[in-house]
Amino acid sequence: MSLAKPYGVGIRNVGSYQVSGRPYITGSMVEGGANLENQLLNNHQLKISFPKVTKSITLWNQSATAAGVLNLTFAPTGAMTNFPTNGCYRVIAQNGSITMPIKCKELYLHGTGDPVAWKLYAALTNIPTGSMYTLTGSGISKA
Amino acid sequence: MSLAFPYSIGLRNVGSYLVSGQPYLSGATTTTSLGSNVNGYYVFPFVTKKVTITNNDGTNKGIVSFAPFLEAEVEDYSNDFTTGDSASGSGNWLFLEKNSSMELDVKCKEIYVAPFNAAAISITVTAELTNIPTGSMYSFSALKGVAT
């Protein structure tokens, strides 16, 4: 370690991901299970921006009906090539969840069918989002 | 490593999280008041590396948060939180389904559990603790994703 390049958190610093994360929780429901404006209506899309780079995320679909389907992407669907046939999304059915140990600074939720109620938990690193590159290309926005 | 900064445990010390944790076992039956953290407030003696919360109730859901849930109860708990810092209105809480566990890879010094309905639920909390003093842990007050 040199004085010119002091050891610190960073996108390529292993230790930044090995320490336990700090919690980040958001969702469409508040006290009593009432829905906020964050509830996803059919074909609506919501961008979630994290205050720090993530080390893992968990997303739940808490919809009241099976027709409320939640889709997760890491790019806006409108900017994708051949969405949804490109397969660059994950479907979370009613009462389902997905956990992904990934680094990102933002993600997109897209609802189809009935209104979608959802919850999101993320473990955050201490890495500033400015250090994170924009996710695009194969596996993100095109097949 | 220098004499001025000896290697030691700390919030940003990776090794503090890599060694196996000290066990923490607790649990209680919550109040019957919807969203109340009475009997659902867990203060850890050291900073955690992982927390597992289990809802032992076979009928009712629970609520997990890192800030007091109800605005009226904020001042009864950690000094870190003040009026306006509740998790309820901000949506910064998670469902804990009936008969299920939730494992969170998280560093924190306290956690809040409440019933989602007006029915008491039996909760157990298991944590892996680091040896990092809780005084080293920053406050979650007004932190985005926790209380705002």
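## The second largest pocket

A pocket, as the word is used here, is an open set of grid points with protein on both sides within 12 Å along at least five of seven lines, and its lining residues have an atom within 4 Å of a point. In this predicted model, the second largest pocket is lined by 13 residues, and those that lie nearest its centre are S56(A), T58(A), T99(A), E103(B) and D105(B). Its volume comes to about 230 Å³.

Three strands each supply at least two residues of this lining, namely β3 (52-61) and β6 (97-100) of chain A and β6 (100-104) of chain B. Of the contributions to the lining, the largest share, four residues, is that of β3(A). Sorted by class, the lining of the second largest pocket holds five nonpolar, four polar and four charged residues.

## Overall form of chain B

Chain B contains one helix and eight strands, and read along the sequence these elements follow the pattern α-β-β-β-β-β-β-β-β. The C-alpha trace of chain B spans about 55 × 30 × 20 Å along its principal axes. For a chain of 148 residues a compact globule would have a radius of gyration near 15 Å, and the 16 Å found for chain B therefore agrees with that expectation. Of the 148 residues of chain B, 50% count as buried.

## The four-stranded sheet of chain B

Four strands of chain B form an open sheet in the order β2-β7-β4-β5, with antiparallel pairing. The edges of this sheet are β2 (41-43) and β5 (93-96) of chain B, each of which pairs on one side only. On average, and with direction ignored, neighbouring strands of the sheet are turned by 25° against each other.

Within the sheet, strand β4 (residues 62-65) of chain B pairs with strand β7 (residues 110-115) of chain B over four bridges, in the antiparallel sense.

Why can strand β3 of chain B be described as largely enclosed by the rest of the structure? Seven of the 10 residues of this strand (residues 46-55) are buried, that is, under 20% relative accessible area, and so the strand is largely enclosed.

Strand β3(B) runs antiparallel to β8(B), to which eight bridges join it, and N55(B) has I123(B) of β8(B) as its bridge partner. Strand β3(B) is also joined to β6(B) by five bridges, again in an antiparallel arrangement.

## The cavity

How many cavities of 30 Å³ or more does the count give? The count comes to one, and the largest cavity has a volume of about 50 Å³. The residues that line this cavity are F66(B), D80(B), F81(B), K109(B), E110(B), M137(B), Y138(B), S139(B) and F140(B). By class they divide into five nonpolar, one polar and three charged.

Among these lining residues is E110(B), which falls within strand β7 (residues 110-115) of chain B.

## Backbone features

Most residues other than glycine have a negative phi, and most peptide bonds are trans.

In chain A, a cis peptide bond joins F83(A) and P84(A), with omega at about 5°, and P84(A) is found in the loop between β4 (68-73) and β5 (90-92) of chain A. Also in chain A, N95(A) has a positive phi of about 65° although it is not a glycine, and this residue is found in the loop between β5 and β6. Is N95(A) buried or exposed? N95(A) counts as exposed because its relative accessibility is 60%, and exposed means over 50%.

In chain B, A142(B) has a positive phi of about 60° and is likewise not a glycine. A142(B) lies in the segment after β8 (122-133) of chain B. Its relative accessibility is 47%, and A142(B) therefore counts as partly exposed, the class in between the 20% limit for buried and the 50% limit for exposed.

Technical notes
Residues are numbered from 1 along each chain as its sequence is written. Chains are lettered from A and ligands numbered from 1 in the order in which they are written. This is a predicted model: local features need pLDDT of at least 70, side-chain atom pairs count only at pLDDT 80 or more; totals for chains, interfaces and linings use all residues. Side-chain values use heavy atoms; hydrogens and water are left out. Two strands pair if DSSP finds at least two bridges between them. Axes are lines fitted to C-alpha atoms, for helices over the stretch in contact, and angles run from 0 to 180 degrees between N-to-C directions. On a 1 Å grid over the protein atoms alone, a cavity is a set of points where a 1.4 Å probe fits but cannot get out, and a pocket is an open set with protein on both sides within 12 Å along at least five of seven lines; lining residues have an atom within 4 Å of a point. Grid points are joined across faces, edges and corners, and a volume is the space filled by probe spheres set on the points. Ala, Val, Leu, Ile, Met, Phe, Trp, Tyr, Cys and Pro count as nonpolar, Asp, Glu, Lys and Arg as charged, and the others, Gly among them, as polar. The radius of gyration is taken over C-alpha atoms; the globule rule is 2.2 Å times the number of residues to the power 0.38. Buried means under 20% relative accessible area, exposed over 50%, partly exposed in between (1.4 Å probe, protein chains only).
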